[in-house]
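Good morning, colleagues. Please look at the sequence and the model as I speak.

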Amino acid sequence: MTGQSAETAIQRCPTCGAQQAATALECRRCHSDLSLLVAVREQLQVLHHLCLRQLATDRPEQALEFARLRHGMCPDETSRRLLAVTLLRLGRFAEAAALTADD
Ligand SMILES: [Zn+2]
């Protein structure tokens with residue numbers, strides 16, 4: 001399993017740049033509200049797990065919907081990998097390869 005868990009991950013305050021636990025709801029330095037950032041990160045994890053569950057139960061079409069939602073919310077290496085795996089499972093090799101073409 002790659003990536004950081006929510007408990008050990010670090011986030012930077014978008015207002016002042018202070019580092020703190022990814023679960024912090026308020027910046028310890030400037031007291032900016034970080035709850036939306038935490039909620040978005042949790043939603044990304046939920047979509048990721050829903051996608052994996054659909055793949056594990058042999059429902060790749062449903063998995064693709066979750067993978068696309070995850071990628072649409074925050075396109076990053078993790079979302080590209082999830083989308084690529086889902087597309088491979090569906091036999092859509094060219095689309096999967098296109099996701100890693102920039103690497
Ligand atoms: Zn701050």
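Let me begin with a definition: angles under 35 degrees count as roughly parallel, over 145 as roughly antiparallel, 65 to 115 as roughly perpendicular and the rest as oblique. Angles run from 0 to 180 degrees between N-to-C directions, and axes are lines fitted to C-alpha atoms, for helices over the stretch in contact.

This is a predicted model, in which local features need pLDDT of at least 70 and side-chain atom pairs count only at pLDDT 80 or more, while totals for chains, interfaces and linings use all residues. Residues are numbered from 1 along each chain as its sequence is written.

The protein has four helices and two strands; these are DSSP runs, helices being H or I of at least four residues and strands E of at least two, numbered from the N terminus. Their order from the N terminus is β-β-α-α-α-α.

Helix α1 covers residues 35-56 and helix α2 residues 60-73; their axes come within 8 Å and cross at roughly 160°. The two helices are therefore roughly antiparallel to each other. Among the residues making the contact are Leu44, Leu47 and Cys51 of α1, and Ala63, Phe66 and Arg70 of α2, where contact requires C-beta atoms, placed from the backbone, within 7 Å.

Leaving aside residues up to four places away in sequence, Leu47 touches Phe66, Leu69 and Arg70.

Finally, along its principal axes the C-alpha trace spans about 50 × 30 × 20 Å. Thank you.

Key. Contact = placed C-beta atoms within 7 Å.
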